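Please find below some notes on the model you sent. They are set out as numbered points and can be read alongside the coordinates.

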Amino acid sequence: MSEPRVRRAEIAIEQAHVDTVYTRLAELRAQAEAMRTKGYEIGHGAGREAIFEQASMLFERDMMVYHANQTLQTLDAEYEGLVFGRLDHLDNDHIYVGRLGIRDAEFDNLVTDWRAPAAAAFYQATAEEPMDVVRRRVIRCSGQNVLDVDDDVLIADAVPENMQIVGEGALMAALGRSRGEKMRDIVATIQKEQDEVIRAPWRGVTEITGGPGTGKTAVALHRAAYLLYRHRRQLGGAGVLVIGPSGVFTSYISRVLPSMGETNVELRALGEVLDGLEATRQDPAPLAAIKGSLRMRKILLRALRDTPEDAPEDMKIVYRGEVLRLNARELDKVRRKVHTAGGPPNRSRIRAAELLLDALAAKAEQHAKDDGRQIDKAELITELGERIEFHRFLVVWWPILYPAQILRWLGTEKRLASAAKGLLNRNEISMLAADFADRSRGWTIADVALLDELRVLIGTPPKSRRARQSIEVNPERGGAPTRPEHYDEYSHVVVDESQDLSPMQWRMVGRRGKYASWTVVGDPVQSSWPDPAEAAMARDQAFGLKTTRRRFTLRTNYRNSAEIFDLAAKVVAGHAEADELPRAVRQTGITPEVRPVEASGLEAATQAAVKELMGAVEGTVGVITAMDRVPEVEGWLEGLSDERLKVVGSLDSKGLEYDAVVLVEPNDLITESTTGRRVLYVALTRATQQLTVLASNPDWIPAA
């Protein structure tokens with residue numbers, strides 16, 4: 001039988017099984033909908049029943065609706081490409097592997113969940129260690145339709161005569177397919193080195209390192225899904241937090257976990273970690289380096305202990321016909337004494353009142369001593385402490401503080417210079433003060449960590465104190481959890497592009513993961529943070545006392561063609577050791593095109609290059625430029641509006657990939673960052689198929 005006929009016959013065999021699976025899926029969905037309907041009916045018409053019985057019925061209703069909605073949500077999320085693999089074993093038995101475990105009405109297995117131990121061989125088996133697998137088959141589907149199958153033979157001498165073998169293996173086929181706007185899950189093409197990371201123990205800290213295109217992000221997300229599946233009781237209730245470098249990035253990966261049925265996961269960019277704030281703007285590299293340094297914590301602490309801008313400079317109050325006065329120096333002494341106690345200012349007003357009254361009593365005692373009189377100190381404190389004018393003064397002199405307010409104070413250069421004495425030089429003070437003074441464009445991503453630090457340092461006002469809240473479930477919204485503000489009880493935290501987190505950002509992230517296990521993804525060669533030693537210290541503090549640490553290095557670049565990665569490796573060669581760079585496994589025969597252009601002709605050259613690549617590839621085309629040129633380049637391409645076309649800045653391109661890339665002015669990327677060629681290296685490794693570089697200056701390419 002010819003190969004095409006064999007393939008068609010094998011596709012028909014798998015289609016029959018897939019049809020059975022989807023028929024069963026429809027039955028399960030109908031059962032879940034019936035359960036939800038029944039849940040809504042419970043409790044209706046029970047107005048005359050006892051309160052306790054009615055509450056019990058309502059609880060039962062909520063739980064039924066919640067579980068029904070969860071089931072429906074999972075079934076809907078896993079609908080596309082539900083079955084993607086098959087394992088044929090030595091004992092002539094076989095199992096199907098998919099996104100969800102499905103049994104028939106007699107509880108016989110139709111599909112094994114990819115996270116289950118029985119499915120591990122789909123990712124881990126090799127010809128050297130076949131794990132009793134004779135044939136591993138990848139089944140490629142669209143909806144309910146089987147499109148193709150690809151086989152790997154792992155035990156050649158055990159293949160039965162009636163077993164048909166087709167295909168060239170799934171991974172290389174998957175690598176050649178065009179990218180969409182969102183990252184897809186890789187459950188059908190996970191490789192052994194990736195699977196070892198995904199299934200590593202959940203406790204402690206798991207670090208994933210590797211160069212561009214090694215699948216670090218996809219592996220981390222699949223690890224989160226696997227851990228929730230295997231350790232639902234320990235991890236599911238408190239939830240998982242995934243932190244990415246930018247909103248562009250989090251949007252790109254947003255469908256991966258829901259597509260695997262995991263919805264109890266929060267996905268946040270670094271500019272969104274602090275509740276109530278969404279920052280997308282990047283600071284220039286020198287300014288970001290100041291804001292991210294641990295020096296800023298000392299500056300913020302000094303600033304919040306300074307006298308508020310509108311605080312009165314003296315206090316006068318009459319006691320039994322005598323004026324008691326505290327001047328600016330005496331008030332400052334009281335303020336320092338309150339802060340010396342170490343409590344958050346917003347929790348210290350009572351202490352401030354007590355020390356003010358003590359200072360007033362000391363004044364009265366001194367006056368009485370000079371006149372040969374005596375006073376009752378306790379009586380004075382009680383009387384003055386009940387005066388409305390005392391409390392009015394206290395509210396203005398010791399006001400409730402807010403994080404944004406304190407950063408705005410530091411927009412005054414004199415005030416910042418006082419707080420930063422011995423920590424920042426004159427140029428750094430001028431640069432930082434000018435930035436804090438101008439909030440017309442809103443907060444930057446680096447500011448978010450400072451605001452979060454201040455939130456903790458100043459404390460919440462007493463009136464905002466709340467008992468610890470438990471996670472509530474809204475059955476009408478499919479079980480989506482609502483958590484308290486500034487929630488810090490996540491069970492697992494995933495940090496992507498971790499090499500770029502500043503020390504202050506590590507402090508912010510660490511507060512959310514103080515009870516959590518961690519998966520940390522990064523590549524030192526791609527780092528845009530200039531002081532890795534300080535960041536490493538802050539990172540270790542964020543991990544706390546977790547002693548279990550494991551580190552995995554992924555060494556195979558599946559994204560870039562070898563031709564594209566060779567250029568990127570050449571650019572970063574002086575900043576990385578050879579063993580720090582991955583190996584690209586795919587060749588296309590298409591060499592990256594480097595086009596010299598005049599600066600005055602850059603707009604036309606960009607338009608021409610984009611048009612060419614839009615016609616050359618079926619998938620996405622990314623235009624990468626320096627951060628401050630993004631609006632300008634977007635303007636150049638307004639007439640080429642297409643959903644496949646994206647313009648991103650160099651820092652926002654991290655973690656993304658496109659079928660083709662136009663890189664505009666590589667020297668701009670080098671000069672805008674304190675880590676120079678590392679940022680350019682990132683931009684050069686975003687393309688999977690074709691790359692065009694437009695440069696008015698050739699200095700970005702190292703001499704041979």
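1. Contact in these notes means heavy atoms within 4.5 Å. On that basis, and leaving aside neighbours within four places in sequence, Q15 is in contact with Q144, N145 and V146. The model is a predicted one. Q15 lies in helix α1, residues 3–41, and counts as buried because its relative accessibility is 17%, buried meaning under 20%. The side chain of Q15 reaches the backbone oxygen of Q144 at 2.8 Å.

2. On the chain overall: it holds 26 helices and 23 strands. Of its 704 residues, 53% count as buried. Among contacts between residues at least 6 apart in sequence, 75% join residues at least 24 apart.

3. R86 lies in strand β1 (residues 83–89) and E14 in helix α1, so the pair ties together parts 72 residues apart in sequence. Both R86 and E14 are buried. The two belong to a network of salt bridges that links E10, E14, R86, D88, R135, R137 and D151. The whole structure has 48 salt bridges.

4. Two further salt bridges deserve a look. R295 pairs with E428, with the closest N and O atoms 3.4 Å apart. R295 is in helix α11 (residues 295–304) and E428 in helix α18 (residues 426–437), so this pair ties together parts 133 residues apart in sequence. R295 is partly exposed, with a relative accessible area of 25%, whereas E428 counts as buried at 17% relative accessibility. The second pair is R415 and D306, whose closest N and O atoms are 3.7 Å apart. It links distant parts of the chain, with R415 in helix α17 (residues 413–419) and D306 in the loop between α11 and β10, 109 residues apart. R415 counts as buried at 15% relative accessibility, and D306 is partly exposed at 28%.

5. Which residues does UniProt list for "binding site"? The unreviewed entry lists G210, G211, P212, G213, T214, G215, K216 and T217. G210 is in strand β7, residues 205–210, and counts as buried at 8% relative accessibility. K216 is found in helix α6, residues 216–230, and T217 is also placed in helix α6. T217 is buried, with a relative accessible area of 10%.

6. K216 needs a comment of its own. It is buried yet has no salt bridge, and the nearest side chain of opposite charge, D523, is 5.2 Å away. A polar atom of the K216 side chain does lie 3.0 Å from the backbone oxygen of G211. Not counting residues up to four places away in sequence, K216 touches I208, T209, G210, G211, V521, G522, D523, Q526 and L554. With the same exclusion, G210 is in contact with K216, G522, D523, Q526 and L554.

7. Helix α6 itself has 15 residues and reaches 21 Å from its first C-alpha to its last, close to the 21 Å expected. It is largely enclosed by the rest of the structure, because 13 of its 15 residues are buried. One of its residues, Y229, is touched by D113. D113 is found in strand β4, residues 109–113, and counts as buried at 4% relative accessibility. A polar atom of the D113 side chain lies 2.9 Å from the backbone nitrogen of R115.

8. Helix α13 (residues 349–370) has 22 residues, which should span 32 Å, and its end C-alpha atoms are 32 Å apart, so the two agree. Its buried residues include L355, L356, L357 and L360. What do the buried residues of α13 pack against? They meet β10 (315–319), β11 (322–326), α12 (328–340), α14 (377–385) and α15 (388–397).

9. Just after α13, G372 takes a positive phi of about 75°. Q374 lies in the loop between α13 and α14, and counts as exposed at 79% relative accessibility. Q374 and A364 are 10 residues apart in sequence and 9.2 Å apart in space, C-alpha to C-alpha.

Methods: Residues are numbered from 1 along each chain as its sequence is written. This is a predicted model: local features need pLDDT of at least 70, side-chain atom pairs count only at pLDDT 80 or more; totals for chains, interfaces and linings use all residues. Side-chain values use heavy atoms; hydrogens and water are left out. Helices (H or I, at least four residues) and strands (E, at least two) are DSSP runs, numbered from the N terminus. The expected span of a helix is 1.5 Å times one less than its number of residues. Buried means under 20% relative accessible area, exposed over 50%, partly exposed in between (1.4 Å probe, protein chains only). Lys and Arg count as positive and Asp and Glu as negative; His and the chain ends are not counted. A salt bridge is a side-chain nitrogen of Lys or Arg within 4 Å of a carboxyl oxygen of Asp or Glu. A polar contact is a pair of N or O atoms within 3.5 Å; within protein, one must be able to donate a hydrogen and the other to accept it, and residues adjacent in sequence count only if both atoms are side-chain atoms. UniProt positions are given in the numbering used here, feature names are shortened, and annotations may be inferred rather than shown by experiment.
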